[in-house]
Protein chains: 2
Amino acid sequence: MMKLGLFGYGVVGGGVGRIADGRDDMEVGRILVLPHEVDVDPRTVTNINDILTDESIDTVVEVMGGIHPAFEFVSSALKAGKNVVTANKALVAAYYKELIALAKENNVTFRCTAAVGGGIPWLVNLSRVRRVDTIESVWGIMNGTTNYILSSMTAQDVDFADVLKKAQELGYAEADPTADIDGHDIRRKLAISVGVAFDAAVEEANIPTFGIRNVTSADIQAFRNMGRTCKLLAYGQMTPDGVAAYVEPTIFTNDRLEASVGTNYNMISYKSNNAGIQSFYGQGAGRFPTAYNVVSDCLDIIAGEDSFYTDKAEPTALACGSVSHAYYVRTNVCDEFLSSITEEKGEGWVITAPVSVEKMHAWAQKQKEIDAGVFFAGIQ
Amino acid sequence: MMKLGLFGYGVVGGGVGRIADGRDDMEVGRILVLPHEVDVDPRTVTNINDILTDESIDTVVEVMGGIHPAFEFVSSALKAGKNVVTANKALVAAYYKELIALAKENNVTFRCTAAVGGGIPWLVNLSRVRRVDTIESVWGIMNGTTNYILSSMTAQDVDFADVLKKAQELGYAEADPTADIDGHDIRRKLAISVGVAFDAAVEEANIPTFGIRNVTSADIQAFRNMGRTCKLLAYGQMTPDGVAAYVEPTIFTNDRLEASVGTNYNMISYKSNNAGIQSFYGQGAGRFPTAYNVVSDCLDIIAGEDSFYTDKAEPTALACGSVSHAYYVRTNVCDEFLSSITEEKGEGWVITAPVSVEKMHAWAQKQKEIDAGVFFAGIQ
């Protein structure tokens, strides 16, 4: 019988508790909460040591969120000889290498399937294919909030601000939506995925990232006229010069699988040398889908699965100069660079010749200073 | 070091050999072939006993195809204490229960991930979700040949016969295409999937099945006018009356994920109580994708994975009377039954009110006697 200590008892933690309480191969021993939350369950404690020193607890489930003190708490749990399962993408993106090393050192297991793709079994399948294959690329719609916003704008011809407000009312978007709409959330999941796919330790902050804050209904109308659909995509690719990783809005022809990923769903894919392209679709967030993956990780530990997704993550400089494609660009201040790559002009927007991801992102960041509303999207 | 005995050395077997030869955790010991094939490799043998009595061989990979003598050969291997990995869907659909029981009895492992979905990690993920969740339904595009035919007809407005010929030239369709276009191949994969999803031992032959032999470019044009796309789908569903399982052409609105599954790709999905809908997309056949899943099964055995997908498969009567939906029906002989359920009439076709799967399939089988070209498709 696996005995769990939960760090946190919010949306996901409560879901894990509900599933675990219905099983006979695991039970929740203690739940670490803040002082004002002690009444939610008779098993709550407010001092982490009550879990760390409880020898009957073999596995900690960290679902408190945030980087600090989650990192210190998880580190203490690993040092106390407890397996750790987490759904915390911020923590994993920032400290994957350190946590894996600490788990190894203490002869325990660290798993984080729910940290990327919520309920989608993405990391376990990526890890599975890596045993046999070399991964060429990974890509995906990994953020449900932005997919909900873009899908709604595509279906209903509504403004970004109105859709964002509705997403906030539905609980799909946070009160401060920055992490989602500016791409920081999806960038974290990309950093973790690239680490597992390519043994690459990529600094989140170095990944060129452009979000959807500036997309307008006029942009969406232009895409519709082209027979295309816009999605926020994360890409990772092994190039002869190293790993390229970037996040950008992308316009797909309507017959592409990605174009049909609606509402707040996610779809994540890899291409590998033998298996080819394989895609995984499902709920990228939500109480029970995420809790499902957390409990599955616990069952993998019970089953003796002690592999780490990768323990070879090497610090990697990004090679985003090696990947080029055409872009849709809309700005009200055209400059020499944009003129030099323009192939086609529309009403207020241009289509460029293939240009490197590095150059386009660098240009757009600078362009924001003179045109705060600039928007671009890669063309696939 | 795992030592393999291969039964068969054709397309998939050769792929397994190529991948295994490049690894340092497994090696191919002996390869069972027919007498005229002995020159293809120095490791070939023509007598199965050379593999069964070779104590250094711990695992047999069966990729010879067909039911007999594959069943007898695999049974002998299990009785000789060897693990068995197979990609043979005909064998697994016919003898799953017997083979699982034999493996248990002899304390060895039987795995067959590649038998459904070729390179797609479908059965392993279905098995993974079942540890936590109750499956409500499974469905999918599980046959690449028919998907290639339907995709081509949708994209290019060409006749069934012409596309079939091209598919045969490309090697996507067999010289005798019956198993694919009449739905026998996909029905096998459904029988296996339903077994794993619901602990149900379903007789292949009892599954109501209607193929795409009769689809015309006029049908496809009618679907296009409705904003829909036709795919051959397999369905399994747990109903209050038991398991419903059936195979039928289905028309999806163009914004559905299934509508965008092109060429010879497959996509298979389940819906479960916690994880929700999850879909798996990839190559459903082909040398290296299929060999990838075979080798992955071998690695799972090395990793100590000794679970069976299900060892509780109980004989199950089908409950296809419990599932109803609307249908598109085209026949040149309208009868009382069809008139009684018609809701809308087009040029030569009708749309019905919701009618049970059992009734529609039974009617169409009888209708073939008076209208050999009758065609129908479920509306999703």
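Colleague: In S4(B), which residue is the bridge partner of B:Phe7?

Modeller: Heads-up: this is a predicted model, where local features need pLDDT of at least 70 and side-chain atom pairs count only at pLDDT 80 or more, while totals for chains, interfaces and linings use all residues. Residues are numbered from 1 along each chain as its sequence is written, chains are lettered from A and ligands numbered from 1 in the order in which they are written, and side-chain values use heavy atoms, with hydrogens and water left out. Strand S1 (residues 2-7) of chain B runs parallel to S4(B), with 4 bridges joining them; strands here are DSSP runs (E, at least two residues), as are helices (H or I, at least four), numbered from the N terminus. Across those strands, the partner of B:Phe7 is B:Glu62.

Colleague: Through which helix does the chain cross from S4(B) to S5(B)?

Modeller: This β-α-β crossover is right-handed. That word applies if, with the strands pointing away from the viewer, the path from the first strand over the helix to the second runs clockwise. The helix on the way, at residues 70-79 of chain B, is H3.

Colleague: Are the S4(B) residues B:Thr59, B:Val60, B:Val61 and B:Glu62 buried or exposed?

Modeller: B:Thr59 and B:Val61 point one way from the strand, and B:Val60 and B:Glu62 point the other way. The cut-offs, with a 1.4 Å probe and protein chains only, are under 20% relative accessible area for buried, over 50% for exposed and partly exposed in between. All four residues are buried.

Colleague: Does B:Gly66 count as buried, partly exposed or exposed?

Modeller: B:Gly66 lies in the loop between S4 and H3 of chain B. Leaving out residues up to four places away in sequence, B:Gly66 touches B:Asn88 and B:Leu91, where contact means heavy atoms within 4.5 Å. Its relative accessibility is 37%, so B:Gly66 counts as partly exposed.

Colleague: How are H3(B) and H4(B) arranged, parallel or perpendicular?

Modeller: They pack at an angle of about 15°, with axes 10 Å apart; axes are lines fitted to C-alpha atoms, for helices over the stretch in contact, and angles run from 0 to 180 degrees between N-to-C directions. Among the contacting residues are B:Phe71 and B:Val74 of H3(B) and B:Leu91 and B:Tyr95 of H4(B). Angles under 35 degrees count as roughly parallel, over 145 as roughly antiparallel, 65 to 115 as roughly perpendicular and the rest as oblique. H3(B) and H4(B) are therefore roughly parallel.

Colleague: Is the crossing of H4(B) and H9(B) left-handed or right-handed?

Modeller: Helix H4 (residues 89-105) and helix H9 (residues 184-198) of chain B pack at about 45°, with axes 9 Å apart, which makes H4(B) oblique to H9(B). A crossing is left-handed if the near helix is turned anticlockwise from the far one by less than a right angle, and right-handed if clockwise. This crossing is left-handed.

Colleague: Over in chain A, how far apart in space are A:Gly284 and A:Asn264?

Modeller: A:Gly284 sits in the loop between strand S12 (276-283) and helix H11 (287-302) of chain A, and counts as buried because its relative accessibility is 10%. A:Asn264 is one of the residues A:Gly284 touches. They are 20 residues apart in sequence, while their C-alpha to C-alpha distance is 7.5 Å.

Definitions and conventions: Pairing = 2+ DSSP bridges.
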